[in-house]
Amino acid sequence: MKNCSFAKWLRTLLLVLTILIIAIIGGAWYLVDYALMPGDRSRQEALAWEEIDSLYPGMTTWRDSLIHAQALRDTTIQTTDGSRLHAYYIAARKPTASTAILVHGYTDCAIRMMPLGRMYNRDLGVNVLLPDLRNAGKSDGDHFQMGWLDREDIKLWAKIIPTLFGDSAKTVVHGVSMGAATTMMLSGDKDVPSNVKAYIEDCGYTSVYDQFSKELSERFGLPKWPLMPTASMICHLRYGWDFNEASSLSQVAHCHKPMLFIHGTADKFVPTSMVYTRSTRQSLLLNPYGLHLCQSMHAVFTTIHRFTSKK
């Protein structure tokens, strides 16, 4: 009788454990899809133009002037895995070595970086390259890489900068949000092309693990364990990288070039507290009452101008 009761108890326990494991794996799989494949907003270029035209006065006139002068150009590269990546580029009116690679954020595309591109190109007289990251704009890809593998693509873009703008090009990589994380993750690598001289990050997260843990708590009211470790493992199995290694914090620790950190003091999406853990030895610009990403070019123009002019 006791053996029957124990066997029944054991079967029940195994059933419960099996259901829990299936639920955790299923939930973690959904989390990876939810985070890395959130929809097609990043592909909607017409919508992107409409949004920036409405938010930034004069964008339509500036864009039309570039098109009329055939100054807004496209280029592509092919990666080692055969993916085709796209970017826009604009040469400065006067020949210059000063160049900026502008890296867009999560669910965005290169077009949404055009207001920043206008500031660099028109106001600062700088050459600009605006790449579409994977799964954005005209680039290949079916999921976001959250900056970790994107940093390898930015190296490829940096390599063609001399071809586009001349061998003497001096490049600053400026990213926002996920693009800021990409910038920081890039900064710690030893094989970054030598034309890259400095970095600017605006509202980047400390790591994918930290950011996703925060979103899991705020959006779903769930603790990070056990979903986050499981989702990280699933991401590694599916895409070859995990949430822990995708760390801006650890990469910045190995950065030996100048970096400017920008963050809004009212940022709730990527908490302002994250910037303090990264910027102890670098330049820091806090945008008072700023939300996620700096919407006002005037708020950062002087600092960016001063920072880039030294490079």
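Leaving aside neighbours within four places in sequence, which residues is Ser283 in contact with? They are Met259, Leu260 and Phe261, where contact means heavy atoms within 4.5 Å. Here is a friendly tour of the rest of the protein.

This is a predicted model, in which local features need pLDDT of at least 70 and side-chain atom pairs count only at pLDDT 80 or more, while totals for chains, interfaces and linings use all residues. Residues are numbered from 1 along each chain as its sequence is written, and side-chain values use heavy atoms, with hydrogens and water left out.

**Overall picture**

- The protein's secondary structure comes to eleven helices and eight strands; these are DSSP runs numbered from the N terminus, with helices being H or I of at least four residues and strands being E of at least two.
- Taken along the principal axes, the C-alpha atoms fill a box of roughly 90 × 40 × 40 Å.
- Of the 311 residues, 52% are buried; buried means under 20% relative accessible area, exposed means over 50%, and partly exposed lies in between, using a 1.4 Å probe and protein chains only.
- Among contacts between residues at least 6 apart in sequence, 73% join residues at least 24 apart.

**The sheet**

- Eight strands make an open sheet with mixed pairing, in the order S1-S2-S4-S3-S5-S6-S7-S8; two strands pair if DSSP finds at least two bridges between them.
- At the edges sit strand S1 (73-78) and strand S8 (283-287), each pairing on one side only.
- On average, neighbouring strands of this sheet are turned by 20 degrees against each other, direction ignored.
- Six bridges join strand S5 (residues 170-176) and strand S6 (residues 196-202) in the parallel sense, and Val172 has Ala198 in S6 as its bridge partner.
- Helix H6 (residues 178-187) packs on the sheet and touches strand S3 (98-103), S5, S6 and strand S7 (259-264). The direction of H6 makes about 135 degrees with that of S5; axes are lines fitted to C-alpha atoms, for helices over the stretch in contact, and angles run from 0 to 180 degrees between N-to-C directions.
- S6 is largely enclosed by the rest of the structure, because six of its seven residues are buried.

**Aromatic rings**

- The count comes to six aromatic pairs. Rings of Phe, Tyr and Trp (its six-membered ring) pair if their centres lie within 6.5 Å, and planes under 30 degrees apart count as stacked, over 60 as edge-to-face and the rest as tilted.
- Tyr89 and Phe165 form an edge-to-face pair, at 6.0 Å centre to centre and with 75 degrees between the planes.
- This pair links distant parts of the chain, with Tyr89 in strand S2 (residues 84-90) and Phe165 in helix H5 (residues 150-165), 76 residues apart. Both Tyr89 and Phe165 are buried.
- Phe212 and Phe243 have ring centres 5.1 Å apart and planes at 85 degrees, so they too are edge-to-face.
- Because Phe212 lies in helix H7 (residues 208-220) and Phe243 in the loop between helix H8 (227-239) and helix H9 (248-252), the pair ties together parts 31 residues apart in sequence. Both Phe212 and Phe243 are buried.
- One aromatic cluster is formed by Tyr30, Tyr34 and Phe220.

**Charges over rings**

- Arg63 lies over the face of Trp49, at 4.5 Å from the ring centre. A charge sits over a ring if NZ of Lys or CZ of Arg is within 6 Å of the ring centre and within 35 degrees of the ring normal.
- Arg238 lies over the face of Trp29, at 4.3 Å from the ring centre.

**Helix H7**

- The 13 residues of H7 should span 18 Å at 1.5 Å a residue, and the end C-alpha atoms are 17 Å apart, which agrees; the expected span is 1.5 Å times one less than the number of residues.
- Buried residues of H7 include Val208, Gln211, Lys214 and Glu215.
- Gly221 follows H7 and has a positive phi, near 65 degrees.

**Two single residues**

- Thr230 lies in helix H8 and is buried, with a relative accessible area of 13%.
- Not counting residues up to four places away in sequence, Thr230 touches Ile24, Ile25 and Ala28.
- Ser283 lies in strand S8 and counts as partly exposed at 35% relative accessibility.
- Ser283 and Glu215 are 68 residues apart in sequence and 28 Å apart in space, C-alpha to C-alpha.
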